[in-house]
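Colleague: Please put the model up, and I will ask about it piece by piece.

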Amino acid sequence: MAPVKLYALSTCGHCRNTKKFLDECEISYDLVEVDLLEGQEREDILEEIKRISQQCAFPTIVIGEKVIVGFHEDRIREALGL
Amino acid sequence: MSQVEKLYESLKKLQEPKGYFFNPDKDLVFDLLRGLLTNKERYGYMSCPCRLAQADRDKDRDIICPCEYREPDVSEYGACYCALYVSKDVLEGKASKVQVPERRPRELMAF
């Protein structure tokens, strides 16, 4: 299974729905809640998000090489091979 | 009544006459309202729960809920960026919700 990384905001309902979906599918993932980060760590993560998605929106989910912005369950399922 | 339920009732009364209705997905709505209350505690204002705030009221002015983009987004897509508010048609199932793209100009994001 390709590595999964989720960039989210702790206050965003769509991010929560994405987490819920991944948990229900028993997918392990690296979660980064950007609004809880500070200083250089936050800056670095924001640069990372911009580099991989050319924008800065949440949720942004990376599945292997695929980047999906927003909670699109069908596209996430497909990228996970489910 | 909990704080989030009070917020729900007060906003509902305020916003519906203006043509903005809460998303029928009540779990999502309560999640987003909790996000607004969290941001109010953090920053002193209800910054949009689905956008990264900059903890500066002036820089975040356009995304203080209801954000400046709600009106054009609801009229064009039937929902605001967060899908907290939807149009009457979407509420009544006459139109379907779509994922609303970010309308906010990049230069306002400042990152």
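Colleague: In which helix of chain B does B:Tyr43 lie?
Modeller: This is a predicted model, where local features need pLDDT of at least 70, side-chain atom pairs count only at pLDDT 80 or more, and totals for chains, interfaces and linings use all residues. Residues are numbered from 1 along each chain as its sequence is written, chains are lettered from A and ligands numbered from 1 in the order in which they are written, and side-chain values use heavy atoms, with hydrogens and water left out. Helices are DSSP runs of H or I with at least four residues, strands are runs of E with at least two, and both are numbered from the N terminus. On that basis B:Tyr43 lies in residues 26-43, helix 2.

Colleague: Which residues does B:Tyr43 touch, not counting those up to four places away in sequence?
Modeller: Contact means heavy atoms within 4.5 Å. With residues up to four places away left out, B:Tyr43 touches B:Ala53 and B:Ala55.

Colleague: How far apart in space are B:Tyr43 and B:Tyr8?
Modeller: In sequence, 35 residues separate B:Tyr43 from B:Tyr8. From C-alpha to C-alpha, the distance is 20 Å.

Colleague: What pattern does chain A follow along the sequence?
Modeller: Chain A has three helices and four strands. Read in order, they give β-α-β-α-β-β-α.

Colleague: What share of the residues of chain A counts as buried?
Modeller: Buried means under 20% relative accessible area, with a 1.4 Å probe and protein chains only. Of the 82 residues of chain A, the buried share is 49%.

Notes
Buried means under 20% relative accessible area, exposed over 50%, partly exposed in between (1.4 Å probe, protein chains only).
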